[in-house]
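Have a look at the model first.

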Amino acid sequence: MGSYEVPFTLPPPSYPSNCLKFLEALERSSVYESGAKCMVPLNIILVGAGLGGLATAIALTQNGHRVTIYEQTPVLGEVGAGIQIPSNSTRLLFRLGLKPYLAPYVTEPERISFRRWQDGRVIGNTELVPDFIENYQAPYYVIHRAHFHSALCERARDMGIEIKLGAKAFDYDPVAGSITLADGTVHTADLVVAADGIRSVARKVVLDGHEMPFHKPGFAAYRATVDVDRMRSDPEVSWILEKPSLNIWIGDGRHVMTYTIGAGTAFNMVLSHPDTSDPSTWDPERAVEDMRKEFQDWDPVLTKLINMVEKTMKWPLMTVSPLNRWVSGKLLILGDAAHAMLPYMSQGAAMAVEDGVGLARALSKMTSPDQLSDCLKIFERVRCIRSNQMQEASLLNGRLWHFPDGPLQQARDAAMEREVKGVPFVHSPNQWSDPATQMWCYGYDTEGEIDKAWEMAEPKKLMSFL
Ligand SMILES: Cc1cc2nc3c(=O)[nH]c(=O)nc-3n(C[C@H](O)[C@H](O)[C@H](O)COP(=O)(O)OP(=O)(O)OC[C@H]3O[C@@H](n4cnc5c(N)ncnc54)[C@H](O)[C@@H]3O)c2cc1C
C-alpha cells in the first residue's frame, strides 16, 4: 500500500464547518515540537507584570525575543481569590511550559451546574471532564489567583526574564519605542508592549490622546472565600465539596458563581448584583451585611454558604469599550488595557494569554526588521475581532442569566433541559454548552488565526510593492 501525504493545503470550506479542525492540531504540535524560534529577535519592553503581561513575556521569550518587564508595584502579587483557567488558555499555557508550575495548585472541576436561584434545582449542565479534554485537548482549571500569578512569575524567572519592580511607566513615545519612568529615566526598545490593566496610561497614547473611558455596565461583585472545614461539618452544604464542580445560581439581575480552589482547601464565591453607586461611597465595614441582604431570599443552601462568609471585598465590574486600534508605531496594548470585559465568560485573563501567544506568532512572521509594522497590524486585526466578540459574549451571559422569573426565563430553562437530562442537543442558552459557542470559545486556534490573516494579507503586501 502506498503512503498518503497529509494534505495540509486543503482549502477551508466556504460554509461554517469544523471538519478540518483535526489538521490544525497536527500542525500545532509539530511547530512546538520543533522548538522553532523567530528569525528577527527583538528587544522588548513590557509594562505590567499582571497575568497578561507575564504570559506575554513568556510567549515572546520562548520565541527568542529579549523581554524586560517594568512593574509599578514594589512587591509582586494578585488581589482576589479564585480564577478559572478555561481550556483555550490551558492549552496555550501548557505550550509555554506552565504545566508543572500550575500542577500543585490547580483543581479540575468535573462540570458546571447552573442552578435555579430560588431552590438550587439544576437547570443547566456542562460536562467538563472528560468532554473538554477530549474535544479541546486541554483541561479546564480553577485556581487561586495568587498561585496562578506565582506560577507565571516562577516560569518567567526560570527563563531568565528580568522583572524590574517599583518601576512605574509615566509616559510613552510610540515613535522612539521608549518609556519614561516616574524617576525620569528613559528606556528604549524595538517594541513596547503595555499590559498595564484597565486604567492603562498607554491606551490613551495609542488612541492619540483620546481617552476611551472604561464603562460601568451597572454591576458589582462581592468576592469571598468560605472555610471548607466549616462547610464539611454542615451536612446541608458539605455535598458541594464532594466532587470538584462549578455551581452557578442564576436569578433576577444577579448570579453567584462558586468553586473550590487551592486543590480543594478553599471555597471561592463571586456574587454579582446590580449596582450603579460610586465605589468611593462603599463602606467595607458593611460589605458582609450588604451582601447577605442582596441574596436573602435565594436558595437556603446558598444563603447558608453566604452566611459562612466572614469577610468580603466589593469590586466594581468595568469594561473597556470595544476598540479597533491597539497599536501606534512601536507601542501596543493588550490584556485588560485593550479589552477589559465583564467576567461572565471567565475569559478576561484567558484573552490576555491568547494575546501574548498571538503576538509571538505574529512577530515570528518577520524576516526583516522593516516588517514590524505589518506584523503588528495583523496581530491587532485578529485580536480585536476575537476579544471584541468575547466582550459581547460576556455581556450576553449577563442578560441570559439575569432574566426575572417569567416567560423568557421559562423558555431559557426549557431550552437547557436536554443538557440536564444528558440527551443530545444542537443549541443551548448555556454558552459553555452551546456547541457553536463552545467550539468558538474553547477550540479557538490563536496561532492558526494569525497564520490565516498573514496569508490573506500577503498578496496585498506584494501588490503594494508593484
Ligand atoms: C470578579 C472577576 C472575576 C474574574 N474571573 C476571571 C476568570 O475566571 N477567568 C479569566 O480568565 N479572567 C477573569 N477575570 C478577568 C481577569 O482578572 C483579568 O482579565 C486579568 O487579570 C487582566 O490581566 P492584565 O495583566 O491584563 O491586567 P492587570 O491584572 O490589571 O495587570 C496590570 C499590571 O500592570 C501594572 N501597571 C499598571 N500601570 C503601570 C504602569 N504605569 N507602570 C508599570 N506597571 C503598571 C499593575 O500594577 C499590574 O501589575 C475576572 C475579573 C474579575 C473582576
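What follows covers the ligand shell, a helix pair and a sheet.

## Ground rules

Residues are numbered from 1 along each chain as its sequence is written. This is a predicted model, where local features need pLDDT of at least 70 and side-chain atom pairs count only at pLDDT 80 or more, while totals for chains, interfaces and linings use all residues.

## Around the ligand

The ligand is surrounded by 32 residues (C-beta atom, placed from the backbone, within 6 Å), and the closest are Gly48, Gly50, Gly197, Gly335 and Gly348. Two or more residues each come from α2 (51-62), β3 (82-85), β13 (219-227) and α13 (348-363); helices here are DSSP runs of H or I with at least four residues, and strands are E runs of at least two, numbered from the N terminus. The largest share, four residues, belongs to α13.

## A helix pair

α2 packs against α6 (residues 145-158) at about 30°, with the axes 10 Å apart (lines fitted to C-alpha atoms over the stretch in contact, with angles running from 0 to 180 degrees between N-to-C directions). The two helices are therefore roughly parallel, a label for angles under 35 degrees.

## The sheet

Seven strands make an open, mixed sheet in the order β5-β4-β14-β15-β16-β13-β17; strands pair if DSSP finds at least two bridges between them. β5 (122-127) and β17 (313-316) sit at the edges with a single partner each, so one side of each has no neighbour in the sheet.

β4 (residues 111-116) runs antiparallel to β5, joined by five bridges. Serine 113 faces asparagine 125 of β5.

Terms used: Angles under 35 degrees count as roughly parallel, over 145 as roughly antiparallel, 65 to 115 as roughly perpendicular and the rest as oblique.
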